[in-house]
Amino acid sequence: MPDTKRPGRNIPRQTVTEGKERFPCMSSVTVRTAAGFDEKLVAELVALHKKAIPTHMQYDKSGQYFAEALRDERNLNIVMRGQDGTVIGHLLGIPQSRVFEELRRWDPDMQDDSERLYLDTIQILPEQRHRNLSIYLIRKLCEEAEKRNIFKLSMHARTTTGWSRYQFRIFSGVRFLRRIENWYGFGEPFDYLESTTTLKTTACRAPGRKPQGKRITSG
Ligand SMILES: CC(C)(COP(=O)(O)OP(=O)(O)OC[C@H]1O[C@@H](n2cnc3c(N)ncnc32)[C@H](O)[C@@H]1OP(=O)(O)O)[C@@H](O)C(=O)NCCC(=O)NCCS
C-alpha cells in the first residue's frame with residue numbers, strides 16, 4: 001500500500017449548500033449534494049467505501065479523507081441513498097487546483113487548472129451495480145458544477161472494468177490524454193480523461209437490472 005494514499009489536504013472547514021433531486025423514474029433512489037461536514041455521513045461513506053472499493057484501492061484513512069472532503073465547500077459530494085435511506089453511492093469532485101500537485105507523483109503531466117473539477121472518487125455498493133445508477137451521480141455532479149460556472153471535468157478512470165470506455169458513451173466532449181500504467185500504486189492502468197460537463201442525450205437510461213454476462217473484464 002503506498003504511504004501517500006490520500007493524505008489529508010489541510011482543507012478549510014466550511015460547508016456546502018445542500019441540493020436535492022428525486023428522479024421520477026427512480027422512486028426508490030434519492031440523489032443529493034451533501035451539505036458539508038456531518039459525522040453520521042462520514043461513517044456512512046466509510047462503510048460504503050469498505051464494501052464498494054477493492055481492498056488494494058481503499059484509502060488508508062478513509063474517515064479523515066471523507067471528513068475533509070465534506071468540509072471543503074469547493075468540493076462536490078454527491079450522495080445516493082436507497083429506499084431505506086442507506087447510502088448506496090457517492091461521487092466526489094474536487095477542484096483540480098487542489099489536487100494536481102499531490103497527483104503529479106503518479107501522473108507528472110497533471111496541470112493546474114482553476115476551471116476544472118477533478119472526479120476523485122466514485123463508488124456504488126456492489127449489490128446496486130449494473131443498474132445504470134452511476135449516471136445519476138454523474139448527472140447531478142454536472143448540474144451542480146454548472147451552477148458554479150464549472151464546465152470542465154477531469155478524471156483518472158479505471159480501465160480494467162470498462163469504466164474509462166464508459167465515459168465516452170456518456171460524455172459528449174471527452175478526450176483521452178494519456179494512460180498511467182500503475183495509477184496510485186494500484187498496479188492497474190488508469191486513463192487520464194478530460195471532458196466538458198455536457199452529457200450525451202442518450203446517457204440517462206432508466207435504471208434497472210442490466211443483463212449479466214456482458215461485463216468488460218479488461219481494458
Ligand atoms: C464504477 C462504478 C461506480 C460503476 O457503477 P455501476 O453501477 O457498476 O455502473 P452502471 O450500472 O451505471 O454502468 C456503467 C458502466 O460502468 C462500467 N463499470 C465500471 N466498473 C464496473 C464494475 N466494477 N462492474 C460493472 N461495470 C463497471 C461498465 O462499463 C458499465 O457500463 P455497461 O454495463 O453498460 O458496460 C462501480 O462499479 C464501482 O463502485 N466500482 C468500484 C469502484 C471503482 O472502480 N470506481 C471507479 C474508479 S475510476
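This is a predicted model: local features need pLDDT of at least 70, side-chain atom pairs count only at pLDDT 80 or more; totals for chains, interfaces and linings use all residues.

I start with helix α1, where V42, L45, L48 and A52 are buried. Looking down the axis of α1, the buried residues fall within an arc of 125 degrees, so they line one face of the helix.

What do the buried residues of α1 pack against? They pack against α2, residues 62-71, against β4, residues 87-95, and against β5. The face of α1 turned away from the buried side carries exposed residues, E39, K40, K50 and K51.

A check on the length of α1: it has 14 residues, 39-52, and at 1.5 Å a residue it should span 20 Å. The end C-alpha atoms of α1 are 20 Å apart, which agrees.

Next, the strands. β5 pairs with β6 in the parallel sense, over four bridges. Y118 stands opposite S154 in β6. Six of the seven residues of β6 are buried, so β6 is largely enclosed by the rest of the structure.

Last, the ligand. There are 21 residues around the ligand, and those that come nearest are R129, S134, T161, G162 and W163. By type, the shell divides into ten nonpolar, six polar and five charged residues. Which elements each supply at least two residues of that shell? They are β5 (116-124), α4 (134-147), β6 (152-158) and α5 (163-170). The largest share, three residues, comes from β5.

That is what I have.

Terms used
Residues are numbered from 1 along each chain as its sequence is written. A residue is near a molecule or strand if its C-beta atom, placed from the backbone, lies within 6 Å of it. Ala, Val, Leu, Ile, Met, Phe, Trp, Tyr, Cys and Pro count as nonpolar, Asp, Glu, Lys and Arg as charged, and the others, Gly among them, as polar. The expected span of a helix is 1.5 Å times one less than its number of residues. A residue is buried if 20 or more other C-beta atoms lie within 10 Å of its own, exposed if 12 or fewer, and partly exposed in between; C-beta atoms are placed from the backbone. The arc is that of the directions from the helix axis to the C-beta atoms. Two residues are in contact if their C-beta atoms, placed from the backbone, lie within 7 Å. Two strands pair if DSSP finds at least two bridges between them.
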